[in-house]
Every structure is written in structure tokens, then in C-alpha cells.
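Dear colleague,

Please find below the structure that I am passing on to you. My notes on what was found in it follow directly after.

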Amino acid sequence: MNRWWAAGAPVVAMCVVWVSLSGAQPETRRPHFTDIAPKSDFAYRTDNNFTGRKYFPQTMCGGVAAFDFDNDGRMDLFFTNGAKLPEMQKSDPRFYNCLLRNRGDGTFEDVSAKAGLQGKDLGFSFGVAAGDYDNDGHEDLFVCNAGRNALYHNNGNGTFTDVTDQSGITKPKDVLSVAAAWFDYDNDGKLDLVVSNYTVWTPQIDKICAINGQEYYCHPKIYPGVAHRLYHNLGNGHFEDVTDSAGFGKDLGKGMGIAIADFNGDGYQDVFIANDTVRNFMYINQKNGTFKESGYEWGVAYDENGNAHSSMGADAKDYDNDGFPDLFYNNLKGQIWGLFHNMAGKYMSYVSGLSHVSRLSEHSSGWSNGFIDYNNDGWKDLYSSNGDIDDMGTVSRQPDTLFENVDGKQFRDVTNEVGADFARAGFQRGSAFADLNNDGFPDLVVTSLDEKPRILINSADNGNHWLLVNTIGRRSNRDGVGAALKLTTASGRTLYNHVTTSDGFMSSSDKRVHFGLGAEKAIESLEIRWPSGIVQTVKKPKADQILTVTEPSK
Amino acid sequence: MSRFRPILLALLAFPLFAQQPAADHDALLQHAIALHQSGDLDGAIRAYRDYLAVEPDSVQARSNLGAALARAGRYDEAITEYDIGLQKSPDNPALLLNLGLAYYKTGRHAEAAARFERAMSLSPQFNDQVTLLLAVCYNNLGRYKDAVALLAPLEKDKGGDAGFDYVYGTALIGAGDEAAATAVMNRILAHGDSPEVFLLRGSLELAAHDRVRARADLEKAIALNPKLAGAHARLGELLLALGDGEKARAAFAQELALDPDEFTSNLNLGVLSKEDQAYVEARRYLERALKVRPNDPGVRYQLANVDLATGNLDPAREALEALVKESPQFAEAHATLATVYYRMNRSADGDRERALSEKLMEQRDALQTGTKPR
């Protein structure tokens with residue numbers, strides 16, 4: 001044996017030398033996405049009831065939530081849908097919202113009717129937010145609508161009950177609500193709710209806009225802005241509208257995506273709301289039940305030219321792993337997608353240019369989006385669902401984009417390298433990230449107007465390692481929303497993330513916190529800073545597992 | 001193309017050959033004039049300088065030297081000579097006109113316009129030659145209403161002249177009078193298609209957000225005359241509106257290859273470079289735009305943004321404070337100034353500017369109908 005070993009050694013050494021002399025790192029295999037939706041039998045298509053007449057809200061249809069409604073450990077999917085216009089009723093099954101149960105074999109079954117989530121009594125639905133607002137261990141749903149909004153309580157037996165009327169969640173008449181997010185702004189252990197509202201709208205007051213006889217979707221300027229709303233969870237299924245007292249009532253926006261993070265590192269969750277053609281709002285938590293709108297101070301209200309753009313989806317994650325959550329929002333073609341680097345919790349620095357995001361994005365009209373470490377290299381990449389507002393241009397149907405994060409500094413476009421199913425052109429709208437098959441690589445669910453959604457499964461074949469953390473709060477809210485996680489690998493590399501389901505536009509993602517570890521197999525520690533203030537450290541957790549961490553009692 | 005030649009002819013400088021030189025050095029000056037008239041510009045420049053060394057107060061020689069330098073393309077030197085001449089003879093309309101032409105050729109339209117205005121006021125006989133040129137300056141300076149005011153009284157007599165109509169039509173589009181501009185354009189169209197008419201029509205369509213037709217017309221204009229002034233810049237604006245920044249950059253660069261001082265292209269390339277965070281390049285383009293339109297609030301605002309982005313808070317604050325003082329309705333400047341104050345921990349000032357900005361934007365939004373595609 002020794003002789004063979006001795007003879008073999010130089011060969012290994014020569015190989016090492018050859019790789020070194022070639023000057024090239026072996027190219028890491030890039031995962032790709034495959035649409036598995038066609039394997040499942042479900043009727044849902046995103047239907048905005050476009051029949052020639054262009055109603056204002058038709059551009060926004062197809063919210064999506066990835067959440068485990070039946071606690072079987074597999075992420076299920078919920079989709080919102082439009083309504084018959086101008087009646088604004090889900091008068092036909094084609095307009096029903098849809099709950100798909102993940103069977104775990106790559107297929108999904110439509111359980112909407114059984115669950116009571118078809119939303120037959122709702123109007124035109126937009127965004128959805130999943131969260132366990134009553135800490136009973138079952139994920140609930142909030143659905144945003146033109147018409148009344150809806151809070152669905154998960155009964156824990158596969159059914160939901162519409163508890164909106166008794167919840168105290170109301171809104172001013174005819175306000176069109178686009179998106180919502182669950183978060184615990186006062187760290188009292190109960191999830192509160194923020195809703196981004198767009199305008200006052202009914203089909204009866206819808207405006208008609210046309211050029212040379214061709215109708216187009218009216219510019220948002222034609223509709224008034226409204227206040228976003230904040231609801232404080234009082235417990236026992238009751239909420240109080242604290243919009244005005246908490247400082248949300250003064251600023252009138254045209255709300256789209258919501259990003260939740262502790263931007264200044266003070267232990268309290270802050271709120272960014274992207275507004276369409278109105279300046280963006282950054283509500284900094286004052287730690288006393290109120291917020292201060294600080295978009296100017298943080299440099300995110302306008303773009304660098306002082307312009308308010310059509311900000312769409314938003315996400316806040318730490319893309320360069322420096323310990324502070326950064327911010328991203330997308331907008332329409334011809335505008336500049338905004339990537340902002342958090343300057344140590346003091347303000348945001350606009351880095352779209354340096355990071356190459358501005359040039360990479362200039363041909364796309366983005367809607368939903370988010371940071372997603374699709375290749376598990378530890379750097380969060382940027383996904384955007386794309387498609388024009390209208391169908392008037394030559395390139396209105398657009399592919400989604402995936403910008404790969406290069407060492408936390410720049411991004412490169414890998415859209416055309418991650419599979420034809422990913423790069424399919426369409427009028428994409430909502431999106432959610434979830435590890436649907438629990439293989440540690442994030443998958444993607446995307447809605448497109450007038451199409452069946454895509455359920456894009458990550459090929460998970462580049463050999464990188466990962467950790468998925470499922471937080472269960474005890475003093476904190478049961479979902480652990482707002483918990484800040486710091487992972488240190490054996491080599492000393494630090495990665496950051498936090499628990500939130502809110503990202504992108506009209507959508508709600510897997511609440512489990514995902515870490516890509518690259519080639520590293522060993523983790524030194526996982527530190528969790530819970531919303532309660534408790535700091536918990538898990539020593540040397542194994543990689544490549546779904547780790548459930550329960551908050552200690554003190 | 002020949003229909004548009006009158007504007008170009010006006011760019012020639014006028015030497016003052018007719019005046020009599022001083023007797024003592026008559027031969028030297030006559031020699032210089034002879035060289036000048038024979039086209040030996042270098043020889044003429046040398047001879048004029050020799051003569052001026054002994055007769056430095058000769059306005060005629062100074063003016064002729066300036067004209068020879070201008071004809072040789074040495075505009076900055078020409079400007080220096082004309083300025084010296086004007087110190088001796090401040091109300092000399094020919095010198096003012098020539099100085100204006102030299103400024104025009106170097107893209108310094110504000111200085112050119114001031115000299116043309118003065119020359120016209122001193123010597124009304126120059127009006128025919130200078131009016132259109134002055135209107136072009138106004139257009140380049142963004143003073144479209146001034147150009148319209150200058151040309152409108154002449155429309156009855158000059159309307160139908162292609163050169164006049166083109167400049168007038170451009171002014172009307174810039175001033176937002178699309179109906180009048182359409183009438184002028186139709187008048188040009190009556191003479192048949194031309195690159196200029198496609199450019200005018202494309203500009204009108206661009207203003208009306210009819211981007212498909214605008215693109216077709218602008219591309220036709222460029223196909224017919226790739227060197228048509230302003231066509232690449234308009235196409236660049238259109239491409240930007242269509243979200244094609246890369247092609248817009250190329251169009252603006254092509255415009256600057258034809259005219260390094262074209263305002264719109266410099267401004268847009270400055271802004272695009274700023275967005276790329278290529279701040280040195282951005283500053284270079286913006287400063288060139290500012291040379292063309294000195295004190296232009298939009299350019300100064302962008303330069304202040306470059307300062308803010310590069311962490312130069314004090315220069316940014318100073319520039320923005322000056323801007324909002326001069327242009328109190330400039331909502332974006334108030335907004336950016338608010339951010340600067342907040343960064344400087346001047347919260348009260350930041351709050352004040354923020355409130356002003358929001359009030360102004362609300363007022364502006366109230367005036368906008370929103371009846372245009374996004």
C-alpha cells in the first residue's frame with residue numbers, strides 16, 4: 001500500500017500545480033430552475049379580467065404566499081386573484097384565490113374550497129401576508145383587496161375562518177390596499193400588521209386614458225395618495241388601528257412593496273414602503289410605539305435626481321454581510337432600480353451604479369423582487385419579476401432577472417444561465433421564495449398576468465452547503481419575526497439574516513431563515529437576537545439541515 | 001439641405017478690410033491684409049501681430065487678427081483679440097458681432113447672445129444677419145420663449161424660408177406651443193421631406209409622448225443626414241424615455257462627436273455617469289453643460305448631487321442653498337438640501353426644507369393631470 005501511495009502522490013501534486021498555473025478557479029456549477037407547476041392539476045391562473053377596457057388595478061394581480069398552513073414541514077402556496085370588472089366580484093371560479101397544498105412529491109393539490117380561502121365574497125385581491133398573529137402555532141393569512149381586506153384565522157385543521165369583522169381591522173371607504181406585512185413593532189410578543197395602501201378607487205370612479213384612440217393604463221398621478229395603515233395587535237384576535245397615533249397617518253403614499261428590518265440596529269423593527277410615483281417612506285421605530293418617517297434622512301425618499309419613481313417591490317437584507325440590512329426596490333423600465341447600502345445604521349448610500357444594478361436593470365420593468373442566495377455561496381443575489389405595466393411596447397413581455405452577487409460588491413446578470421423556465425417572458429407580478437422541497441436551496445414561485453404561476457425548483461446541484469433555521473419564539477412572537485441571526489462558519493466567515501416573511505411585491509415568503517455556506521461544511525456558531533432581547537447562541541450546529549431553534553424563556 | 005444654408009452662412013466672421021490703416025506702418029498692415037485675403041492665414045496672423053506690436057491701439061488690425069484667428073479655427077485666441085479691441089472701441093458693432101460669432105463657435109451661447117443683442121441694438125442693419133443666429137443661441141440656452149418673441153414678429157415676412165422655419169419651429173416646440181410648431185412644420189413639409197422636418201416632427205411627437213412615431217421620424221432624420229445637429233440628442237432623449245440607457249448613451253455620444261458643446265447630451269451623459277457613480281466623468285459632462293448654459297439650475301443641481309454623493313457636504317449645501325434662493329420653487333433642490341442638512345445633523349433646517357419640498361411637490365402634483373402613459 002505504501003508503495004502505491006508513494007507512487008500516487010506526485011500525480012496529485014502535478015494536478016494541483018496545473019490548476020494553479022492555469023490561473024483559473026474551477027467554475028462553480030450554477031444551479032438552474034425548472035418549472036414543476038405543469039405536473040400539478042390546479043385551475044388557478046392569474047386573471048385580472050382584461051377584456052379591452054383598462055381598469056387601473058388590473059396591472060397588479062397575482063399575490064403569492066409561501067407558508068406551511070398544515071404544519072407538515074412543507075411550504076404550501078396561496079395565490080390571490082382578480083375579479084369581474086366593473087362588478088368587482090369573484091363571480092366566476094376563475095377569479096377565486098387559491099391554496100395549494102404541497103404534497104411533498106413535486107406536486108400540489110388545490111385545497112382552496114376545503115380551506116375556505118377562495119375569497120368568493122372579496123373584491124379584486126392583491127397582496128397577501130402570512131403570519132401567526134395569535135401565536136397558536138398555525139400560520140394565518142391577511143389578504144389585501146380593492147374592497148374590504150380579509151384576515152383569515154388558521155383553525156389548525158386545514159380550514160380558515162374569516163375573522164376580519166371581529167378583528168378591528170378596518171380601513172377608510174374604497175381604499176385600495178396592495179400589500180401587507182406582519183411584524184412586532186413594540187416587541188410585545190404579538191405580530192402587528194402594516195398595510196400599504198395605494199389610492200381611493202372603485203370601478204365607478206376609474207378613469208379612462210387614451211392616446212391616438214388607444215387606451216392605456218392611466219398614470220398614477222391621476223389618483224390621490226392615501227395613508228398606509230398600522231394595526232396594533234392587542235391579543236385575543238383584536239387589533240387597534242394606530243395609524244395616526246403611531247405616525248403613519250401624516251404621509252400620503254401610493255403604497256407597493258413593504259420591507260421590514262431593523263435598519264439602525266436598535267432592536268426594533270423599522271418599515272420601508274415603496275411608493276409608486278410618490279417618494280418612498282422609511283418609518284424608523286422610535287421605540288415608544290411611534291415611528292418617524294425618515295426617508296429624507298436615510299436618503300431613500302427619492303432617487304439621486306430628486307425624482308420619485310414608480311417604486312414597486314422592496315426587500316431589506318444584508319447583501320454584503322456587514323451586519324446591517326441593506327435595501328432594494330425595483331421600478332419601471334427607464335428608471336433606475338435602487339440598491340442602497342446601509343452605512344452602519346446611520347443612512348443609506350445609493351450603490352446602484354457601483355454595483356452594476358443600474359445598467360443591468362435598465363431594460364426591465366420590475367415588480368416583485370428580493371434577495372435570494374440561490375446558489376448557496378453565502379452572498380445574497382437579487383431576483384426581480386418583470387413585465388411592463390402595459391401591453392403597448394414591443395418588449396412588454398419580459399423575462400425575470402437574476403443578478404448574481406459577486407463578493408458582496410457587484411452583481412452580474414445570470415438570467416440566461418439558470419434555465420429556460422426561469423427566463424420565460426411574460427407580465428410577471430408576484431413572487432415568493434421558499435424551500436419547497438427542503439433541500440436547502442431556495443425555490444421560487446412567480447405569478448404572471450393571465451397565466452398559470454411558475455413553481456421554479458432549484459436544481460440544487462452545485463455542492464454548496466446550507467443551513468435553514470426555523471425560529472419558534474416564546475417570549476417573542478411565535479414565528480420569531482424580527483429575530484436577527486448571525487452565523488459564523490468554521491473559517492470565521494460571518495453571515496447575517498433576519499426573520500421576515502415580507503419581501504417583494506404583494507407577496508409573502510418562507511419564514512425560515514436561509515444561509516448558504518459555500519464550500520464550508522462546518523459552522524462555528526449561530527447567534528439569534530430575539531425580538532424579546534434574549535440572545536441565544538447555538539454552538540457548532542451541523543450544516544445541511546433544517547434547524548428548529550426555540551427561544552429560551554430568559 | 002441648401003434650404004437650410006442661411007444659418008451657416010451667418011457664421012462667417014467679418015474682417016474690417018475697408019478701413020484705412022495708419023500712415024506710418026501702412027505697408028505692414030497692407031501686407032497683412034493681402035495675406036489674409038489670399039487665404040494665407042498663418043502669414044496674416046503673424047503680420048497683424050507684427051503690426052500690432054508697433055500700433056497696439058489699431059482696432060482695425062485687432063479686429064482683422066481676430067477674424068483671421070477665427071477663420072483658422074483658433075477661436076479662443078480670436079476672442080482675446082476681439083476683447084482687446086472692444087476695450088478700445090466698446091461700441092463697435094462689427095467687433096461685437098465677430099466676438100459673438102467666436103463665442104458661438106466655441107459653444108458659449110450665453111456670451112454670444114449678449115454680444116449679438118448689443119450689436120443689434122447699436123447697429124440695426126445687422127438685424128437680418130444676426131436675428132436668426134441669436135434665436136439659435138436662445139434655443140441652445142433653453143430660452144425658447146425669448147426665441148419665439150424674437151422670431152414671431154418676423155414670421156409674416158420670413159415664414160416659408162426653411163432656415164427661419166426650422167429655428168422658429170424648434171423654439172415653439174421648446175416653448176410648449178405644439179399647435180404653432182405643427183403649423184410651422186407643415187409649412188416646411190409643403191416643400192417636401194427633409195432631415196430637418198423629420199427632426200422637428202420627431203421632437204413634436206416626443207413632446208406628445210408618441211414614442212413609436214417619434215422614434216421612426218428621428219431615425220429617418222438621422223438616416224438622411226447623420227450629421228444633423230440635435231437629431232442624435234433627441235433620439236437619445238427618446239431612448240432614455242424608452243428605458244434603453246445603453247443606446248441613449250451612444251446617441252448622446254454621437255451628438256457630442258458632432259458638437260462637443262451640445263447641452264442636452266452633456267447634461268444627460270452627466271446624469272447617466274452620475275448614476276453609474278462615475279463621478280469624475282459626470283462632473284466633466286456637467287461642467288461642459290454649464291459652460292453652454294451658465295447658471296442653469298438643473299445642471300447646478302446635478303453638480304450638487306455629485307458633491308452629495310461623494311461626501312462633499314459643504315459644497316453641496318452651498319450650491320443648493322444658492323439654488324433654492326434663486327429658484328424657490330425648485331422642489332427637488334429643497335428635498336436634496338433637506339437630506340444634506342440631516343446628514344450634517346441640522347435637523348431643524350432639514351425639517352424646514354423637507355416641508356417646503358413637500359408643499360411644492362403637492363402643488364405641482366395638483367397641476368398635473370396624469371393623462372399620459374407612464
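Strand S39 (residues 513-518) of chain A is mostly covered, with six of its six residues buried; a residue is buried if 20 or more other C-beta atoms lie within 10 Å of its own, exposed if 12 or fewer, and partly exposed in between, with C-beta atoms placed from the backbone. Helices (H or I, at least four residues) and strands (E, at least two) are DSSP runs, numbered from the N terminus. Val513(A), Phe515(A) and Leu517(A) point one way from S39(A), while His514(A), Gly516(A) and Gly518(A) point the other way, and all are buried. S39(A) runs antiparallel to strand S35 (residues 465-472) of chain A, and five bridges join the two. In this pairing Val469(A) stands opposite Val513(A). Two strands are taken to pair if DSSP finds at least two bridges between them.

This is a predicted model, in which local features need pLDDT of at least 70 and side-chain atom pairs count only at pLDDT 80 or more, whereas totals for chains, interfaces and linings use all residues. Residues are numbered from 1 along each chain as its sequence is written, and chains are lettered from A and ligands numbered from 1 in the order in which they are written.

Two open sheets of chain A may be described next. One has five strands in the order S5-S4-S3-S2-S38, with mixed pairing. Its edge strands, each pairing on one side only, are S5 (108-110) and S38 (507-508) of chain A. Strand S2 (residues 64-67) of chain A pairs with S38(A) in the parallel sense over two bridges, and Val64(A) stands opposite Ser507(A) there.

The other open sheet has four strands, ordered S26-S27-S29-S30 in chain A, with antiparallel pairing. Here the edge strands are S26 (366-372) and S30 (410-413) of chain A, each of which pairs on one side only. The twist averages 25° from one strand to the next, where axes are lines fitted to C-alpha atoms, for helices over the stretch in contact, and angles run from 0 to 180 degrees between N-to-C directions. Five bridges connect S26(A) with strand S27 (residues 381-386) of chain A in the antiparallel sense, and Gly366(A) stands opposite Asn386(A) in S27(A).

Val300(A) lies in the loop between helix H4 (295-298) and strand S22 (314-317) of chain A. Val300(A) counts as buried because it has 26 C-beta neighbours inside 10 Å. Leaving aside residues up to four places away in sequence, Val300(A) touches Phe272(A), Asn280(A), Met282(A), Gly295(A), Leu327(A), Phe340(A) and Met348(A); two residues are in contact if their C-beta atoms, placed from the backbone, lie within 7 Å. Phe340(A) is 40 residues from Val300(A) along the chain, and their C-alpha atoms are separated by 7.9 Å.

Chain B has 22 helices and zero strands. Its C-alpha atoms fill a box of roughly 75 × 55 × 35 Å along the principal axes. Of the 374 residues of chain B, 48% count as buried. Among contacts in chain B between residues at least 6 apart in sequence, 46% join residues at least 24 apart.

Two helix pairs of chain B were examined. Helix H13 (residues 195-207) and helix H14 (residues 211-224) of chain B pack at an angle of about 155°, their axes 8 Å apart. That makes H13(B) roughly antiparallel to H14(B), since angles under 35 degrees count as roughly parallel, over 145 as roughly antiparallel, 65 to 115 as roughly perpendicular and the rest as oblique. Helix H18 (residues 279-292) of chain B and H19(B) pack at about 160°, with axes 9 Å apart, which makes H18(B) roughly antiparallel to H19(B).

Finally, 33 residues of chain B are in contact with 33 residues of chain A. On the chain B side, the elements that give two or more residues are H15 (231-241), H16 (245-258), H17 (263-275), H19 (297-309), H21 (331-343) and H22 (347-367) of chain B. The largest share of that side, seven residues, comes from H21(B). The residues of this side divide into nine nonpolar, 12 polar and 12 charged; Ala, Val, Leu, Ile, Met, Phe, Trp, Tyr, Cys and Pro count as nonpolar, Asp, Glu, Lys and Arg as charged, and the others, Gly among them, as polar.

With kind regards
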